[in-house]
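The sequence and the model are shown first.

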Amino acid sequence: MIKRFFLVLLMYLSCTNGLQAYSASDKLPAPVIDETLQIERKSVDVKHSFMSYLELGEGKAVVFVHGNPTSSYLWRNVMPYVAKSHQAVAVDLIGMGHSGKPDIEYNFKQQFRYFSRFIDELELDEIILVGHDWGAAIAWHYARKNPERVAALAFMEGALPPLMPADSFDALGLNMGPFFEAINDPVIGHQLVIEQNILIEQMLPSLVNRTLGEEAMLAYRAPYVDKADRKPLLAWPRQIPIAGSPRHTHRVMKGIERFMSKTDMPVLLLYASPGSITPNALIPWYVERIENIETAYVGVGLHYIQEDQPKSIGLALADWLRRLD
């Protein structure tokens with residue numbers, strides 16, 4: 001059974017209908033991307049634990065929120081562009097990166113509560129949120145719950161409607177459906193994510209257009225060397241609402257979709273080509289629903305576009321922020 005789902009995984013990583021990926025021989029020549037973290041790491045006590053973050057610059061706060069299975073390290077080459085005019089803060093979500101690892105389930109509700117308390121502890125107001133993957137869902141949900149504290153929001157490759165919620169595993173497609181069905185299996189999911197660490201070792205590098213160097217791979221591996229620390233990595237894909245479950249994230253995604261159609265908050269959608277969970281064909285869906293939205297094309301990229309196009313992302317954010325002021 002496990003061997004069968006490894007084959008499904010490989011199909012999933014190379015499919016054109018799900019998250020798009022390229023083999024090493026198909027990848028473009030590697031751009032010059034600095035893999036050294038040169039930003040000071042800080043931490044703050046949050047809910048009987050602590051949360052790590054990177055901070056650079058001064059001014060209005062721009063808070064970067066990563067997704068699965070990454071960390072604040074993902075934003076290292078984007079933050080300097082924003083820090084020329086703003087305070088750039090990139091958080092490590094609880095249990096991820098260098099943040100504390102309390103004994104919790106790491107479901108969306110708990111992640112969101114820790115993130116909200118993080119914002120409170122840093123006493124940030126009128127913030128601008130920048131989210132990726134599940135970090136985009138956290139950003140949108142926070143803006144919906146705290147409209148008076150969020151001045152604007154940018155997102156890219158977000159775990160959001162219309163991808164979520166899904167009516168069934170089949171609705172996710174011939175490749176994505178079996179993959180997430182495997183992840184949700186109590187035995188197979190544990191084997192793939194906890195024992196084999198496939199999200200770090202296979203999915204992450206396959207969804208970057210360039211070939212990640214050893215320094216980057218070491219940085220992404222470091223928080224999850226111990227199998228016990230991989231619990232959040234498995235929790236996140238199991239939070240995808242499929243056929244109404246989990247109920248909480250199903251309600252969250254429905255609420256985000258309604259909020260998108262009602263808010264006049266400035267929004268920036270950054271996208272790459274071909275993209276993965278936000279392919280180019282999906283851009284009109286957001287443009288039609290969000291009143292005050294701008295879009296910015298940042299170049300060739302898959303899912304973890306910060307590892308392919310940090311300069312383009314940074315410049316697009318900096319220009320958008322300049323016009324917001």
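A contact, as the term is used here, means heavy atoms within 4.5 Å. Among contacts in the protein chain between residues at least 6 apart in sequence, 76% join residues at least 24 apart.

## Basis of the model

The model is predicted; local features need pLDDT of at least 70, side-chain atom pairs count only at pLDDT 80 or more, and totals for chains, interfaces and linings use all residues. Residues are numbered from 1 along each chain as its sequence is written, and side-chain values use heavy atoms, with hydrogens and water left out.

## Overall fold

The protein chain contains twelve helices and eight strands; these are DSSP runs numbered from the N terminus, helices being H or I of at least four residues and strands E of at least two. With a radius of gyration of 18 Å, close to the 20 Å that the globule rule gives for 325 residues, the chain is as compact as a globular protein of that length. The radius is taken over C-alpha atoms, and the rule is 2.2 Å times the number of residues to the power 0.38. Along the principal axes, the C-alpha atoms fill a box of roughly 55 × 45 × 40 Å.

Of the 325 residues, 59% count as buried. Buried means under 20% relative accessible area, exposed means over 50%, and partly exposed lies in between (1.4 Å probe, protein chains only). The chain exposes about 13,400 Å², and carbon and sulfur atoms supply 50% of this area; accessible areas come from the Shrake-Rupley method with a 1.4 Å probe, and for residues only the protein chains shown count as cover.

## Annotated domain

An unreviewed UniProt entry carries the annotation "domain: AB hydrolase-1" for residues 61-232. UniProt positions are given in the numbering used here, feature names are shortened, and annotations may be inferred rather than shown by experiment. Over residues 61-232 the chain is 38% helix and 15% strand, and the end C-alpha atoms are 27 Å apart.

## Nonpolar cores

In soluble globular proteins, nonpolar side chains tend to be buried together. A nonpolar core is here a set of buried Ala, Val, Leu, Ile, Met, Phe, Trp, Tyr and Cys residues joined through side-chain atoms within 4.5 Å. The largest such core has 85 residues, of which F115, W140 and Y286 touch the most other members. Helix α4 (residues 134-145) gives the most to this core, with eight residues. A second, separate core of 27 residues includes I39, F64, A83 and I128.

Apart from neighbours within four places in sequence, F115 is in contact with M51, V63, V65, V91, L93, L129, I138 and Y142. H141 is found in helix α4 and counts as buried at 5% relative accessibility. With neighbours within four places again left aside, the contacts of H141 are F108, F112, V252 and I256.

Strand β6 (residues 150-158) holds E157, which is buried with a relative accessible area of 3%. The side chain of E157 makes a polar contact with the side chain of H303 at 2.8 Å. A polar contact is a pair of N or O atoms within 3.5 Å; within protein, one must be able to donate a hydrogen and the other to accept it, and residues adjacent in sequence count only if both atoms are side-chain atoms. Beyond four places in sequence, residues in contact with E157 include H132, D133, L270, S276 and L302.

L160 sits in the loop between β6 and α5 (176-184) and is buried, at 0% relative accessibility. Not counting residues up to four places away in sequence, L160 touches A136, A137, W140, F155, M253, I256, M260 and Y286. L160 and I138 are 22 residues apart in sequence and 9.7 Å apart in space, C-alpha to C-alpha.

## Backbone particulars

The peptide bond from P161 to P162 is cis, with omega near 5 degrees, and P162 lies in the loop between β6 and α5. A cis peptide bond also joins N68 and P69, with omega about 0 degrees; P69 is in the loop between β3 (61-65) and α2 (79-82).

The loop between β1 (41-46) and β2 (49-56) contains K47, a residue other than glycine with a positive phi near 50 degrees. H48, in the loop between β1 and β2, has a positive phi of about 65 degrees although it is not a glycine. K47 is partly exposed, with a relative accessible area of 29%, whereas H48 is exposed at 90%.
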